[in-house]
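Hi everyone, thanks for coming. I'd like to walk you through a couple of spots in this structure, so please have a look at it first.

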Amino acid sequence: MMYGDWGSGWGWMMIVMPLVWIALTAVIVWAVFKVIQRPANPGSDQPRRETPQEILDRRFAAGEIDADAYTQAKAHLASQDVHAQ
């Protein structure tokens, strides 16, 4: 018994199998590119947290605080470092 123009049922494989191989090849190529593009240090894509001294320096440089506030805060940070050790 014939199933339409597909003969004995193998005709559909002539269309589907090349599509399966193309999709499989695309997935393999995508996976290889993902592995190649992975950073050496997994945590390196996250921004580094600023230290309190760096925050203070940045705020002083941006003009958010004046020289007196900067000096007081810097002395306070220095005293905190001594107590922490």
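One term before we start: contact means heavy atoms within 4.5 Å. Please keep in mind that this is a predicted model, where local features need pLDDT of at least 70, side-chain atom pairs count only at pLDDT 80 or more, and totals for chains, interfaces and linings use all residues. Residues are numbered from 1 along each chain as its sequence is written, and side-chain values use heavy atoms, with hydrogens and water left out.

Let's begin with Gln53. You'll find Gln53 in helix H2, residues 52-61; helices are DSSP runs of H or I, at least four residues, numbered from the N terminus. Which residues does Gln53 contact, leaving aside its neighbours within four places in sequence? They are Tyr70, Lys74 and Leu77. The side chain of Gln53 also makes a polar contact with the side chain of Asp57, at 2.9 Å. By polar contact I mean a pair of N or O atoms within 3.5 Å; within protein, one must be able to donate a hydrogen and the other to accept it, and residues adjacent in sequence count only if both atoms are side-chain atoms.

Now to the rings. The structure holds one aromatic pair: Phe60 and Tyr70, stacked, 4.4 Å centre to centre with 25° between the planes. Rings of Phe, Tyr and Trp (its six-membered ring) pair if their centres lie within 6.5 Å, and planes under 30 degrees apart count as stacked. The pair links helix H2, with Phe60, to helix H3 (residues 67-84), with Tyr70.

Terms used
Helices (H or I, at least four residues) and strands (E, at least two) are DSSP runs, numbered from the N terminus. Rings of Phe, Tyr and Trp (its six-membered ring) pair if their centres lie within 6.5 Å; planes under 30 degrees apart count as stacked, over 60 as edge-to-face and the rest as tilted.
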